[in-house]
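Thanks for coming, everyone. Please look at the structure on the screen, and I'll walk you through a few places in it.

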Amino acid sequence: MAWGRTCPMGVGPVPEDRQRTTVATEPGTPLLASRLTPGPLPGPVVLRPRLLRRLDEGTAVPVTLVAAPAGWGKTTLLTSWYQGAAGEPGGDPVRGGPVTGGAGGNRSPTPVTPAGESGPPEYGPGQSRPDLGWVSVEAGDDGERLWSYLTAALRAAVGSPVPDRPPRPDQLEVLAATIAARERPVLLVVDDLHRITDPEVVTGLEFLLRHSEQRLRLVAGARSGVPLAVHRWRLAGELTEVGPDDLAFTGDEIADLLTAHGTALPADGVRRLRERTGGWPAALRFAVRALPGQPDPARWVGQLDGNQPDVAGYLREEVLGGLDPNDRELLRTTAVTDAVCAGLADALTGRPDTGTRLADLAGVGGVLRHDDGRPPWYRCRPLLTDLLRGELDRLPAEDVRELHRRAAGWYADNGRPADGLRHALVGGDWAGATELFLATWPELAPYGGAGPAPPPTPPPAETVARDPELALACAAERAYAGDVSAAEGYLRSAAVAAADQLPVPRRERFARLAAAVELAVVRWSDDVPAVRAAAARLLATHAAAASMSGGRAEVRLPAVPPAVEPRGAAMEDADGWAVAGTALGLADVAVGDLGSAERQLEMAFLMARAAGWARTELAGASRVALLRAVRGDLRGAEALARSALALPPSQGWSCQIDCGYAYLALGVVALHRDQPEEAAANLALAEHATAESAAGAVVALCRAQLLRDAGDLAGGHRLLVAARERLGGHEGELDRWLRAAEADLRGARGDLDTARELLAGDGPELAVGRARAELRAGDDRTAEAVLPDWQVAGAADWPLPVRVEAAVLDMVLARRVGDNRRAHRTLELALDLAGPQGFRRQFTRADPDVRDLLAAHLDTGTAHWPTLSDLVRGADEPVEAAGPAPAALAEPLTERELTILRYLQSILSNVEIAAELSLSINTVKTHVRNIYRKLDATRRREAVRRARDLRLI
């Protein structure tokens, strides 16, 4: 290809055929050259290697679809990738080097490799490049005109006669055979595929894709309304999809974009910019152009919304402009809520078809996102939500209030009272809000993760003054949203109104409700004694015994939850215990008093279950599951975690922190059972729970162990130190666990003095850690002296993992002094402890002394022969040691493949993985096949083992 003058934006030279306005096809029909090659990149552009690699890898299948609404960078991505694949010597607009996908200017994509070959061929200097064609589809193209451009693109790539008009079936067969006979595939890039309206063109294109022996690969950019039979290609596992979630800029990419534009923001500003834009490239480009003129860029980012003129104009014209008016109205109406399902949308609009329309709007290239709930919930990106709500604000106020009242009614009838209360207040339905509060107040307690929400229009002051229960409802709504100041103001108003307005019979109920709201407000503070005192006051209103001892409210839990009758006194008692017990348990978790926390939360969630409060039950059950796992009741933890995740509030985007605790419990169980793949997958799903320091500490403990197994002692140590800092100096059980784990890593790195300092103090975790440290130092006598007696009656209260670890150390000490009889007896007792719960890690990850003793113990007549046999096989697998990282794969995994690889470690099926990632099952299967091929594996376990060897997971 000959090259001429340089194109604008510093992208690189322009081919001579691009300098001409038109080109001529064989029959002489003039065509625009600008539609047969990509245009210049807008500058400056941040090229994104992860997406370029995704296209490289993804085009191993016949169809690759980059589908998203306007402004998501589809054309920019395809242009960058096309230039790299074609080897055009265009300049990188940011760094001045070649435009590449991260593998140098000679980067060649995977699609040049025929299916079944081991990898893409290399293209060095002077070698031929992949055969590429480009077509930009324009609105109004009829079938004959569009086929002329497809003809020109294919002729340039194939180099043989191609029909320039819609071909007859026999001509299509000849063309398909010609392409199939080629040595290398042909890559046809079609931008704006959604503009194709002639079904004959689509039929012809799909015929070529099906019958060219996978030598024709289509790479297409499109908005919604893709004319291809996407579901058919997906079902066959022959479709790679890149959607808005993939195209969204990461924090690092946003920082690179700001740098390229000569603009700087602090880390918090970058994070805020990503939150406000959702990573939408068009909005980011508006932002980076506006920021240099702002006196306070960080503040401007905080005020960025979808109603700013440039952003609003783009959204109206490019995103909403092409939608059916009825769909646009559906989006605007449902914007009164943060997310919507079909039932809620039906209630808001009065239409019976919203489920189908929402699904279509969230389909390929759609404007909505959906979660993995059943039913699915849908939401817009942040800036589009801003715009739609701005349009709502221009409607008559009474119409908007009516929408909020409809939402409140639906939420109230479907187990979402917190959302119902908020919408009732926004809709001005004071009576409905009060009634909902009185009927459902236990579900309005904040247990974490509710998130800030702007305050609704407050009721008139005179209305609040006349109705103290309405004031409490307003206080509860603000407490749930974390607006402590406003909640306290409403509480004061309620107290004043109650003294003047309420008759004596209603004051007892008011006192109970006021105590519950006060507890909700106090829970947002870090003042644990204040939380306990407020919980005690709530329990006192239910005639529960409460007394203060050393500043702590000691409460006596009932032996069993009370029998509950609807609207009866027993139900009110259960409500109070559920709310107060949950608050007390969470306070104990915060300070590391795990034993007390488990007792409080277990009774609280049983009370909630008896009373029918699913969200309160989830909050308690998920945390009890984790506490059981940490203390060694693996079977109970697993069963409770799975039952918690089956509760209705676990579906969709709601209660993510609570669900995170349940997943974390499953991660701890998997770790103790030495199932690192399952542990890592569940830890990833538990990420939302790490917003709370206690859950973050457990996650750090688990990940530090996994890093230790991989030989990354320093990485594990950093996690543990950060987790101890987040705990804020609370010297409870969690702190002791962290110190013992950090000491173990210190000792493994040879820093025994620091390890001994960390292990100073009381507690079985520290005592067993001291014995381990002395054993590592070679001082067996001191180790035996400091090892606590794990067989005494009091040891039954220890966490079971600690007791099993003590038994294993005792066994090692006996073997070292030559007392094999005692060693085998101790091993049998250790198996008695560990076997029922399925503990394996203490044996399979132990030193060679333990592995040798396990094998020898098979011949002693053990009562645990099946378990022991399994442990011997596990212990025979070598434990990874620290050392240099192994060589990288010849063909790296993509970002999406790495994500799916982490899930392959879990017990989740491909269907469940697809649901977790909001992907189709066939997309997941395609990625799994690619993972197997790149890792040279034929089975899931083999792929995971290979990935662990390569330290990819």
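How many helices and strands does the secondary structure of the chain come to? The answer is 46 helices and 13 strands. Helices (H or I, at least four residues) and strands (E, at least two) are DSSP runs, numbered from the N terminus.

Some ground rules. This is a predicted model, where local features need pLDDT of at least 70, side-chain atom pairs count only at pLDDT 80 or more, and totals for chains, interfaces and linings use all residues. Residues are numbered from 1 along each chain as its sequence is written, and side-chain values use heavy atoms, with hydrogens and water left out.

Now the whole chain. Of its 953 residues, 54% count as buried. Buried means under 20% relative accessible area, exposed over 50%, and partly exposed in between (1.4 Å probe, protein chains only). The chain exposes about 39,300 Å², and carbon and sulfur atoms supply 51% of that. The areas come from the Shrake-Rupley method with a 1.4 Å probe; for residues, only the protein chains shown count as cover. Next, contacts, meaning heavy atoms within 4.5 Å. Take those with a separation of 6 or more: residues 24 or more positions apart account for 68% of them.

On to helix α10, residues 267-277. Which of its residues are buried? They are G269, V270, L273, R276 and T277. What covers the buried face? The cover includes α9 (251-260), α11 (281-290), α12 (297-303) and α17 (382-393). After α10 comes G278, with a positive phi near 65 degrees.

Most residues other than glycine have a negative phi. D192 has a phi of about 60 degrees. D192 sits in the loop between β7 (186-191) and α6 (199-211), and is buried at 16% relative accessible area. For Q214, phi is near 60 degrees. Q214 is in the loop between α6 and β8 (216-222). Is Q214 buried or partly exposed? Partly exposed, at 23%.

Next, L51, in helix α2 (residues 49-58). L51 counts as buried, at 3% relative accessibility. Leaving aside neighbours within four places in sequence, L51 is in contact with L77, D246 and L247. The C-alpha atoms of L51 and E895 are separated by 8.3 Å, yet these residues are 844 apart along the chain.

Last, E774, found in helix α36. E774 is buried, with a relative accessible area of 11%. Which residues does E774 touch, not counting those up to four places away in sequence? R756, D779, T782 and A783.

That's the tour. Questions, please.
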